[in-house]
Amino acid sequence: MNHAAIVARLRAYDPGAILDEREFRGQLSVTVRPESILGVMQFLRDDVELGYQFLENLCAVDYLGREPRFEVVYHLLSFTRRHRLCIKVGLPEQSPAVDSLTGIWPTANYQEREAYDLFGITFVGHPSLERIMMPDDWQGHPLRKDVPLGGEEVAFTFNQARIDARKPYARD
Amino acid sequence: MGLEQKAGDLGIVTTSLETVVNWSRSNAMWPLLFGLACCAIEMMGSQSANYDLSRFGMEINRASPRQADLMIVAGRVSRKMAPVVRRLYDQMSDPKWVIAMGDCAACGGVFNNYAIVQGVDEVIPVDVYVAGCPPRPEALIDGIVQLHAKVHRMKLDGSIRQPVRV
């Protein structure tokens with residue numbers, strides 16, 4: 001089954017779901033409407049012809065200055081057909097939210113928590129959407145592109161005294 | 001060797017209490033069994049046969065903070081780990097000392113970002129900083145010798161005797 005046939009089969013299932021399809025260096029990536037992600041994924045997993053049983057990877061990307069700003073990327077693997085498929089979902093800057101895939105693949109649980117922790121994307125229907133990497137009292141989402149990069153100003157001889165005065169030294 | 005000759009047949013050595021206390025503290029200073037990153041490998045290396053930290057009475061790493069005198073912060077401290085480090089430090093019994101081993105523990109090192117504490121001295125007070133990425137065992141041993149020199153200068157009330165500069 002070649003890439004055109006995969007897209008055709010997906011279109012036959014839900015004609016309005018596919019927004020875009022690209023092929024780059026032999027890998028097929030399909031952009032899907034966020035509202036229909038749950039049905040599309042269920043179809044990709046359960047369809048006999050396609051059979052993408054395994055969610056390899058779930059991650060998020062921040063394209064600052066572009067609309068939709070965020071993108072959630074799913075990499076699927078079909079063991080039977082030895083084929084990989086990339087599914088993308090674009091999400092708006094204001095309150096990005098998409099349906100959780102934990103009902104289809106339990107492995108999505110931790111990866112969605114990671115995307116929530118670092119990018120602030122809400123996964124609707126997730127059983128426990130909490131921070132997984134940063135401390136619980138952390139403010140903001142550190143992998144967003146508008147978060148400052150450095151933790152502290154780099155000290156040289158001319159600014160060391162100023163930094164030192166501001167630094168919170170611990171006491172006994 | 002020299003002690004018997006000095007003491008003669010009396011079997012008595014006279015000294016100040018301060019010296020005896022500092023002598024015993026510095027010669028059986030047990031580190032906490034605690035490594036955070038790659039610096040811990042060098043710390044283990046300095047304790048193994050080639051460098052042999054037991055020459056300084058430090059061959060025994062205690063797995064319990066209650067029994068440890070010295071915390072060697074070997075590696076970068078992430079913001080999530082910082083409360084744990086502070087808690088371990090608080091659980092150690094007085095007197096206690098801290099060596100910040102390596103650039104990451106001393107100032108954040110190359111990790112100038114949101115996740116890493118920029119120097120463990122933001123979390124716990126540090127006595128000796130050892131530079132290096134990671135420091136060789138010789139450097140760590142030098143830091144420990146420096147710390148021993150500091151302990152020898154301690155007064156009984158805990159303050160540090162400043163060295164006399166001529």
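In chain A, strand β1 (residues 18-24) runs antiparallel to β2(A) and is joined to it by six bridges; strands are DSSP runs of E of at least two residues, helices are runs of H or I of at least four, and both are numbered from the N terminus. Two strands are taken to pair if DSSP finds at least two bridges between them. The model is a predicted one, in which local features need pLDDT of at least 70 and side-chain atom pairs count only at pLDDT 80 or more, while totals for chains, interfaces and linings use all residues. Residues are numbered from 1 along each chain as its sequence is written, chains are lettered from A in the order in which they are written, and side-chain values use heavy atoms, without hydrogens and water.

Strand β2 of chain A (residues 27-32) has five of its six residues buried, that is, under 20% relative accessible area with a 1.4 Å probe and protein chains only. Four bridges link β2(A) in the parallel sense to strand β5 (residues 83-91) of chain A, where A:Lys88 is the bridge partner of A:Thr31.

Helix packing was examined next. Helices α1 (residues 3-13) and α2 (residues 37-46) of chain A pack at about 125°, with axes 11 Å apart; axes are lines fitted to C-alpha atoms over the stretch in contact, and angles between N-to-C directions run from 0 to 180 degrees. The arrangement is therefore oblique, a class that remains once angles under 35 degrees (roughly parallel), over 145 (roughly antiparallel) and 65 to 115 (roughly perpendicular) are set aside. On the α1(A) side, A:Arg9, A:Leu10 and A:Tyr13 meet A:Gly39, A:Val40, A:Phe43 and A:Leu44 of α2(A), contact being defined as heavy atoms within 4.5 Å.

A:Ala115 belongs to helix α3 (residues 108-119) of chain A and is buried, its relative accessible area being 5%. Although 55 residues separate A:Ala115 from A:Ala60 in sequence, their C-alpha atoms are 5.9 Å apart. Beyond neighbours within four places in sequence, the contacts of A:Ala115 include A:Leu58, A:Ala60 and A:Phe123.

In chain B, three strands form an open sheet of order β1-β2-β3 with parallel pairing. Its edge strands are β1 (70-74) and β3 (128-130), and the twist from one strand to the next averages 20°. Strand β2 (residues 97-101) of chain B pairs with β3(B) over three bridges, and B:Ala100 stands opposite B:Tyr129.

Methods
Buried means under 20% relative accessible area, exposed over 50%, partly exposed in between (1.4 Å probe, protein chains only).
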